[in-house]
Amino acid sequence: MTTLVADNKKKLIAMLLLGVALLLLPIFAGFLGQAWVRILNITLLYVMLALGLNVVVGVAGLLDLGYVAFYAVGAYTWAMLASSHFNMHLPFWVLLPLGAFLAALAGLMLGAPVLKLRGDYLAIVTLGFGEIVRILMNNFDKVGLPWSDATYNITNGPRGITGIDGISFFGFNVSKGLEIFGLQLSGLQLYYYVFLVFTIISVIGVWRLQHSRLGRAWQALREDEIAAKAMGINTRNIKLAAFAFGALTGGLSGGLFAAMQGFVSPESFGLLESVMILAMVVLGGMGHIPGVILGAVLLAAMPEVIRYVADENMQHKVFGTVLIAPEVLRNLIFSLAMILIMLFKPAGLWPSPEKK
Amino acid sequence: MSIDVLLQQIVNGLVVGSVYALVALGYTMVYGILQLINFAHGEVVMIGALTALVLAKWLLGAGVPPMIALLLAILIAMAVCAAVGVLVERIAYRPLRNAPRLAPLITAIGVSIFLQQIAILVFGRNYFSFPELISKTPIEIGHITINMNEIVILITSVALMAGLLWLVHNTKIGTAMRATAENQKVAGLMGIDINKIIAITFAIGSALGAIAGVMVASNYGQAHYYMGFMLGLKAFTAAVMGGIGNLWGAMVGGLILGLVENVGLIFVRGDYKDIFAFVVLVAVLIFRPQGLIGERVAERA
């Protein structure tokens with residue numbers, strides 16, 4: 001009993017330390033340069049995306065290769081309704097829920113026709129869905145109606161939407177930054193704290209969901225669909241729920257992305273993004289929240305770290321000349337790391353301790 | 001819409017579709033045996049195209065007649081691709097044969113990125129123009145135009161597909177391949193060297209991919225390090241549409257995808273061409289979840 005209390009105490013201290021570290025991180029990163037703060041923010045967005053995809057792939061076992069589409073729906077909802085594009089400037093407390101809701105709706109739209117499909121068939125259809133959304137974003141700058149010649153510019157096509165409003169509440173604009181107690185916090189650093197709040201909400205949400213009745217039903221579905229059905233689980237409804245909840249998280253992070261970036265274009269939502277998010281989930285440890293977070297942090301941060309390690313200066317020192325373009329070297333190391341981690345840890349870096 | 005336009009688009013569709021079919025065969029053969037989406041296959045096709053291109057240019061420069069240059073270049077590209085395919089299987093897939101299902105998918109994605117970077121290192125980022133080794137002067141048949149290059153593509157792919165079907169159904173290796181696809185363990189007990197058969201499967205699929213790569217490059221007159229991505233995606237779509245794991249499915253799926261894309265161009269703007277392919281895929285899978293001619297695979301109980 002005493003050891004249990006001691007254990008809990010240790011856990012509490014560890015959590016507190018982690019909390020303090022997370023709070024101080026952007027300030028230290030700020031000393032290194034705002035680019036590092038941006039990397040932190042993007043990493044948090046990826047953590048949210050990976051958590052959302054984890055619900056679909058890791059918990060419910062539905063292979064989704066088009067997840068970035070929901071991220072795009074969230075981002076474009078924000079971008080179109082809070083910029084000079086349509087001259088609309090809705091506040092964030094309308095936009096974030098709306099983006100998440102529309103993304104969830106898109107999730108249901110994707111989920112409904114593919115309910116019958118097995119594993120890899122599902123993968124290719126979701127991949128197609130992601131591509132369809134991207135191509136529509138690319139081409140909806142000249143939408144015509146069959147009965148008239150007029151065309152409408154909905155997404156501004158490949159040029160993307162610029163001048164997007166940031167988050168602001170009670171007249172305070174987060175993008176502008178803030179000075180408290182003599183400490184100058186930039187807009188990016190403030191976004192970090194906003195994102196951190198949403199990430200923590202996502203972690204708790206996904207955790208609660210995974211350990212709910214619905215979460216157990218998803219796990220049953222993942223392990224054996226026919227057996228799950230035989231146990232009285234309505235597989236159709238819980239599959240749709242998985243797509244909707246996954247998409248919800250994606251839409252939420254999409255809105256946050258648009259707010260921070262101030263610019264969205266179809267280029268940010270390609271297949272490679274979906275693949276990267278999937279890689280985060282699998283590399284970290286499918287269905288295990290700490291593992292997924294680790295995977296997301298690792299894959300989001302690794303390319304940036306390699307960028308600084310494997311730059312031209314380093315090659316000059318080692319080889320006396322630049323042998324390989326830094327960009328290529330970065331991708332080479334990145335892909336090799338991906339292959340090696342999977343070869344040596346096929347279940348992921350931090351897999352779920354539950355026995356299969 | 002005139003009937004000529006339709007016929008012309010059907011011809012174009014068959015040419016593109018036969019290339020899709022060849023690439024799709026590579027996906028479907030691997031999937032049939034390993035239940036693995038070989039994401040790196042598109043990159044193998046790209047490597048085949050670029051290798052053949054560089055070789056053909058070099059041989060032409062050395063004064064070798066075009067036809068011989070083309071044949072030599074293709075043969076060497078096939079060998080290179082087969083080697084790459086076998087090597088990838090050996091290093092990235094074989095150790096994970098009993099691992100969780102998604103692990104080899106992630107290594108496949110890693111290999112795909114890796115091969116692209118290697119291609120940049122070896123060939124560079126440029127768009128290469130593919131030399132016109134077979135005449136591309138348009139030939140008029142009725143109101144339809146076609147060129148020698150396209151005719152050669154059609155005939156070659158039909159011959160290759162027939163050859164593959166013969167190999168799989170009428171030879172000892174083919175029987176072993178089918179047995180391995182059916183049940184690896186039992187096939188092993190029957191004295192089949194599974195590792196060898198899987199390696200052979202990768203070699204054949206990759207060699208076919210090399211030829212397909214040369215076809216695409218010669219048809220569009222160019223090749224670049226990124227060409228494998230979209231081609232691979234389309235071919236994989238074709239394989240799934242036909243019923244993945246099924247050779248006939250890949251061929252039919254490839255041809256149908258090519259036809260749908262090109263005939264669809266009559267009705268929708270070119271920008272939406274790629275959407276069209278995916279919409280048809282979804283429509284097909286809603287009504288036939290196992291693909292057009294895929295078998296209903298018994299689900300594990």
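The area buried between domain 1 of chain A and domain 2 of chain A is about 770 Å²; buried area is the accessible area (1.4 Å probe) that two parts lose on being put together, summed over both. Carbon and sulfur atoms give 77% of this area. In domain 1 of chain A, Leu22(A), Pro26(A) and Ile27(A) lose the most area to domain 2, together 52% of what that side buries. The model is predicted: local features need pLDDT of at least 70, side-chain atom pairs count only at pLDDT 80 or more, and totals for chains, interfaces and linings use all residues. Residues are numbered from 1 along each chain as its sequence is written, chains are lettered from A in the order in which they are written, and side-chain values use heavy atoms, with hydrogens and water left out.

Domain 1 of chain A spans 1-32 and domain 2 spans 35-286, with bounds from an automatic or database domain assignment. Their C-alpha centres lie 29 Å apart. The contact (heavy atoms within 4.5 Å) takes 8 residues from domain 1 and 9 residues from domain 2.

Chain A also meets chain B. Here 47 residues of chain A are in contact with 52 residues of chain B. The buried area is about 4,200 Å², and carbon and sulfur atoms give 77% of it. Asp120(A), Tyr121(A) and Ile124(A) supply 15% of the area that chain A buries against chain B, more than any other three residues. Between chain A and chain B there are 0 salt bridges (a side-chain nitrogen of Lys or Arg within 4 Å of a carboxyl oxygen of Asp or Glu).
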